[in-house]
Amino acid sequence: MNADIRPIRTPAEQAMIAELSHLPSVNNRLGDLRLAAARSFEEYGLPHRRVEEWKYTDLRSFMREAVPIAGTAAVADADARATLLREVEARRIVVANGAVVPELSDFTDLEEGLSVRSFAEVVASGDEIGSRIGGILPGRYDAALALNTALARDGVVIDVAAGAVIDRPIHIAHVFAGGTAAATYARSLVVIGAGAKATFVESFEGPEGVAYQVNGATEFEVGDEAHLDVVRLQEESESAIHLSTLLFDVGRQSKVHAFTFGAGAGVARTSLYATLSGEDSHVSFNGATLLKGRQHADSTLFLDHKVPGCESRELFKTVLDDSSRGVFQGKIVVRQAAQKTDGRMMSRALVLGEDAEMDNKPELEIFADDVQCGHGATCGAIDDDLLFYLRARGIPLKEAQSLLVQAFVGEAIETVEHDGLRDALIDRAEAWLKARA
């Protein structure tokens with residue numbers, strides 16, 4: 001007798017699957033992508049602690065309720081909520097509740113070689129660049145990405161032509177505007193042509209006390225000899241759940257520097273997938289995370305060296321206060337063809353709270369024999385000798401702790417190349433420390 005074995009789905013999963021069953025039938029490539037993503041979610045559902053990549057972030061447990069997709073935000077509400085990084089001179093595009101707000105966005109006087117359009121506009125126009133959405137795949141099932149692929153209806157599509165140099169950063173300000181729980185899905189694509197240079201910024205924020213859910217995904221196609229800087233700032237409500245997926249495909253002799261700053265959301269997970277497809281490229285993925293209360297933040301990286309001569313660097317700093325929990329999972333894969341690879345990965349955690357917890361899982365998987373690779377992880381409290389040194393000079397305890405924490409995360413923040421963005425992130429770290437004191 002053949003038994004029809006069907007997995008048990010939680011009420012939240014059942015509600016999400018019901019939502020996905022109402023996807024409109026569209027006979028094109030994007031429609032096929034959405035349908036495939038929906039079927040994947042129906043088969044695998046939300047990940048749980050028995051799924052190795054989500055062992056420390058049990059999404060099935062965290063997402064006990066499926067909330068409806070957020071409606072259109074009022075322009076005034078979106079404007080009032082979009083406060084982060086306003087002090088930085090940048091081309092600002094506001095995405096509220098997962099949709100671009102044209103009234104608050106700067107699409108005018110674009111620099112030569114720069115195209116900035118909404119995802120919805122690109123899809124509706126049938127423009128060629130739209131066919132590249134969903135072109136970078138992680139090579140494995142990712143529930144957050146599957147939901148985003150199936151449900152995202154808007155976002156931003158940026159195209160920097162070959163050889164163009166865009167000095168002014170392009171800032172996508174994601175905001176949640178509303179007073180009731182809802183979910184947002186935004187999808188963005190950034191294409192950096194051969195020899196081009198640009199800085200891309202994303203920020204995420206929302207109101208306190210609202211249990212909203214953010215699920216965003218951004219793809220980065222980086223051409224040969226291009227230079228891309230990426231900065232992300234996430235300061236969500238502690239009632240919120242934040243899921244982000246970043247996908248990179250890096251060409252030959254290119255440079256990519258990415259930095260993530262996280263200090264918000266009750267539960268946050270950033271998944272980063274990077275493929276080095278062109279020889280002699282350099283990438284660095286760094287981050288600083290500041291947690292308090294019962295916050296949970298997970299940074300998971302998968303870095304795939306496919307070709308020879310590439311260099312990768314990762315430095316992640318986590319500060320944990322109260323009963324917070326941090327997770328770092330990083331995996332570097334070096335394929336057999338990727339000789340002369342130089343890869344380094346480090347996670348460091350500073351534990352301030354008695355009940356705080358940090359889980360580190362750095363991994364190397366190497367199939368080539370002429371490489372230099374290493375990884376490490378540290379976790380500890382503030383150095384008592386350094387604290388004594390400062391206190392002996394009359395500095396109060398909390399202020400002395402703040403100075404040492406600031407120096408700890410400062411090492412990671414200093415990797416941000418843009419002066420204005422680096423200063424803004426230092427200010428955010430100082431504000432977090434001041435609030436703690």
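The paragraphs below take up these topics in that order. The model is predicted.

Nine strands make up an open sheet of mixed pairing, in the order 3-4-6-8-10-12-14-16-18. Its edges are strand 3 (114–118) and strand 18 (357–366); each has a single partner strand, so one side of each is left without a neighbour in the sheet. On average, neighbouring strands are turned by 5 degrees against each other, direction ignored. Strand 18 pairs with strand 16 (residues 325–334) in the parallel sense over 10 bridges, and Gly 326 stands opposite Met 358 there. Helix 6 (residues 143–151) lies across strands 6, 8 and 10, at about 90 degrees to strand 6.

The largest nonpolar core has 51 residues, and those touching the most other members are Ile 158, Val 160, Phe 220, Leu 228, Phe 248 and Phe 285. Leu 228 has among its contacts Ile 192, Phe 200, Phe 220 and Phe 248. Apart from this core lies another, of 32 residues, including Phe 259 and Leu 433. Phe 200, Phe 220, Phe 248 and Phe 285 also form one aromatic cluster.

The whole structure holds 6 aromatic pairs. In one of them, the rings of Tyr 44 and Tyr 141 have centres 4.8 Å apart and planes at 35 degrees, so the pair is tilted. Tyr 44 belongs to helix 2, and Tyr 141 to the loop between helix 5 and helix 6, 97 residues apart. Tyr 44 is partly exposed at 45% relative accessibility, as is Tyr 141 at 28%. The rings of Phe 176 and Tyr 212, with centres 4.4 Å apart and planes at 5 degrees, are stacked, and both residues are buried.

Technical notes. Residues are numbered from 1 along each chain as its sequence is written. This is a predicted model: local features need pLDDT of at least 70, side-chain atom pairs count only at pLDDT 80 or more; totals for chains, interfaces and linings use all residues. Side-chain values use heavy atoms; hydrogens and water are left out. A nonpolar core is a set of buried Ala, Val, Leu, Ile, Met, Phe, Trp, Tyr and Cys residues joined through side-chain atoms within 4.5 Å. Buried means under 20% relative accessible area, exposed over 50%, partly exposed in between (1.4 Å probe, protein chains only). Contact means heavy atoms within 4.5 Å. Two strands pair if DSSP finds at least two bridges between them. Helices (H or I, at least four residues) and strands (E, at least two) are DSSP runs, numbered from the N terminus. Axes are lines fitted to C-alpha atoms, for helices over the stretch in contact, and angles run from 0 to 180 degrees between N-to-C directions. Rings of Phe, Tyr and Trp (its six-membered ring) pair if their centres lie within 6.5 Å; planes under 30 degrees apart count as stacked, over 60 as edge-to-face and the rest as tilted. Lists of a residue's contacts leave out its neighbours within four places in sequence.
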